[in-house]
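Subject: Structure handover and notes

Dear colleague,

I am passing on the structure we spoke about, and I would be glad if you could read the notes below beside it.

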Amino acid sequence: MHKYVKQNRFLFWRGIESLLLGYFFMSNAFIFVRPDFINSIAAHLDDPPFATLLILVGSLTIFVAVFNEREFFSICLALNEGIWVIYFIAFAIQDFETHGHIFASIGTILSFMVAIQIMAEAFWGGDH
């Protein structure tokens, strides 16, 4: 098992990140501000149902990495990429509406960087 965690460390750590993001939103729900209609739609992404989805996807990703379920690597990368792009967009909308430009908060910057890492791994990473 330790061998697979080391071998699949990228996927393992993306699973941990998604799981922790879900945990964060579960324990700190309703942190998105709601200044207008578009942002009120994005603001639901920090509600408990979406946090639970994050925890499930993170757990699945960790399971796939730990047990080396290679046939599910691409699915896990796609799920994680989708999640992190959606959260980047939500943070960017909030930044734009509250500050007038995107990349005004650490959440936007970090979610953007995680999404870029996952995309790069999907294109140029290992043999998954």
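Predicted model: local features only at pLDDT ≥ 70, side-chain atom pairs only at ≥ 80, totals over all residues.

Residues are numbered from 1 along each chain as its sequence is written, and side-chain values use heavy atoms, with hydrogens and water left out.

The chain has six helices and zero strands, where helices (H or I, at least four residues) and strands (E, at least two) are DSSP runs numbered from the N terminus. Along the sequence this gives the pattern α-α-α-α-α-α. Of the 128 residues, 38% count as buried; buried means under 20% relative accessible area, exposed means over 50%, and partly exposed lies in between, with a 1.4 Å probe and protein chains only. Taking a contact as heavy atoms within 4.5 Å, residues 24 or more positions apart account for 66% of the contacts in the chain with a separation of 6 or more. The accessible surface of the chain comes to about 7,300 Å², and 73% of that surface belongs to carbon and sulfur atoms; accessible areas come from the Shrake-Rupley method with a 1.4 Å probe, and for residues only the protein chains shown count as cover.

In soluble globular proteins, nonpolar side chains tend to be buried together. Here the largest nonpolar core has 24 residues, and those with the most contacts inside it are L11, F25, W84 and Y87. Helices α2, α4 (48–66), α5 and α6 each supply at least two residues of this core, and α5 gives the most, with eight residues. A nonpolar core is defined as a set of buried Ala, Val, Leu, Ile, Met, Phe, Trp, Tyr and Cys residues joined through side-chain atoms within 4.5 Å. Leaving aside neighbours within four places in sequence, Y87 is in contact with L21, F25, L45, F50, L54 and S111.

The count of salt bridges comes to one, a salt bridge being a side-chain nitrogen of Lys or Arg within 4 Å of a carboxyl oxygen of Asp or Glu. The pair is R14 and E17, whose closest N and O atoms are 2.8 Å apart. Both residues lie in helix α2, three residues apart, which is about one turn of the helix, and that helix spans residues 9–27. R14 counts as buried because its relative accessible area is 10%, whereas E17 counts as partly exposed because its value is 25%. Beyond residues up to four places away in sequence, E17 touches W84 and V114. E17 also lies 10.0 Å from I62, C-alpha to C-alpha, although the two are 45 residues apart in sequence.

R14 is also touched by Q117, which has F10 as its other contact when residues up to four places away in sequence are not counted. Q117 is found in helix α6 and is partly exposed, with a relative accessible area of 35%.

N68, in the loop between α4 and α5, has phi near 55 degrees, a positive value in a residue other than glycine. At 17% relative accessibility N68 counts as buried, and N68 touches Y4, Q7, N8 and F73, not counting residues up to four places away in sequence. F103, in the loop between α5 and α6, likewise has a positive phi, of about 60 degrees, although F103 is not a glycine; F103 is partly exposed, with a relative accessible area of 35%.

F103 also belongs to a nonpolar surface patch of about 660 Å², made with F96, I102, I106, I109, L110 and M113. Patches are made of residues with over 30% relative accessible area and no salt bridge, like charges being joined within 9 Å and nonpolar side chains (Val, Leu, Ile, Met, Phe, Trp, Tyr) within 5 Å. Helix α6 (residues 106–124) gives the most to this patch, with four residues. F96 is placed in helix α5 (residues 73–99) and counts as exposed, at 52% relative accessibility.

With best regards
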